[in-house]
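Look at the structure before you read each solution.

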Amino acid sequence: MADTLNVITICGSLRKASSNAALARTLPSLAPAGLSIKPAPAWDRIPIYNHDIQADSGFPAETVAWADAIRAADGVIIVSPEYNWTIPGGLKNAIDWVSRMKDVPFKDKPVAIQSCAGGVLGGARMQYHLRQSLTSIDALLFGKPEILVTFAPKKFDEKTLALTDQPTIDIVKQQLAGFEKFIRRLTGKN
Ligand SMILES: Cc1cc2nc3c(=O)[nH]c(=O)nc-3n(C[C@H](O)[C@H](O)[C@H](O)COP(=O)(O)O)c2cc1C
């Protein structure tokens, strides 16, 4: 019997009707049996990074909780929109905070990325920038398949926000299955 791998999701959008949050909520139902997927603690109360805060009162409690959850997880899936061709500022700010910790939580951490966007590029530029930024703090980025949900409003039920697009469901399942193998290879967990 294989060990269950604990994976957390981090969503880059805070709005209630977020397509990215809807996708993140769908992941447990699309995951292979070996992956348990739960949301990470909220990052929305993390202050804007300021070295003086860190020097005067240490890391804010929200950053510590966020970092602890990332450290404890076998893998992380970031599901985020693209804002102005890049990573949403709030999410980047949270990453910046934890990157200053002695035991950087993303170091050697398997990370997969997914994005939903209203347009044709599906958040591709955000994904590329996120890969670059996380590589700078030694995260281990999963490669393919990539999940870029284009024209997102058409792929979720307008009222329930359930993911209804079968090709998207299929490729997300493929990514999760691949991510499980990737984590097992990197961590040696059977
Ligand atoms: C500040 C801001 C900037 C945006 N910039 C982009 C962008 O560069 N590329 C893109 O595809 N969509 C952009 N969008 C549109 C988002 O992709 C779209 O609103 C998406 O649905 C947001 O994700 P959510 O549904 O999870 O909240 C932007 C939205 C906001 C609020």
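This is a predicted model: local features need pLDDT of at least 70, side-chain atom pairs count only at pLDDT 80 or more; totals for chains, interfaces and linings use all residues.

Residues are numbered from 1 along each chain as its sequence is written, and side-chain values use heavy atoms, leaving out hydrogens and water.

**Exercise 1.** Check the span of helix H6 (residues 166-187).

Solution. Helices are DSSP runs of H or I, at least four residues, numbered from the N terminus. The expected span is 1.5 Å times one less than the number of residues. Just after H6, Gly188 has a positive phi of about 75°.

**Exercise 2.** Describe how H1 (residues 19-30) and H6 cross.

Solution. Axes are lines fitted to C-alpha atoms over the stretch in contact, with angles from 0 to 180 degrees between N-to-C directions. The two axes come within 10 Å and cross at roughly 70°. The helices are therefore roughly perpendicular (65 to 115 degrees). Contact means heavy atoms within 4.5 Å. H1 brings Leu23, Leu27 and Leu30; H6 brings Ile169, Val172, Lys173 and Leu176.

**Exercise 3.** Is Glu180 buried or exposed?

Solution. Glu180 lies in H6. Buried means under 20% relative accessible area, exposed over 50%, partly exposed in between (1.4 Å probe, protein chains only). Glu180 has 14%, so it is buried. Beyond four places away in sequence, Glu180 touches Leu5, Pro32, Gly34 and Leu35.

Note on methods
Helices (H or I, at least four residues) and strands (E, at least two) are DSSP runs, numbered from the N terminus. Angles under 35 degrees count as roughly parallel, over 145 as roughly antiparallel, 65 to 115 as roughly perpendicular and the rest as oblique.
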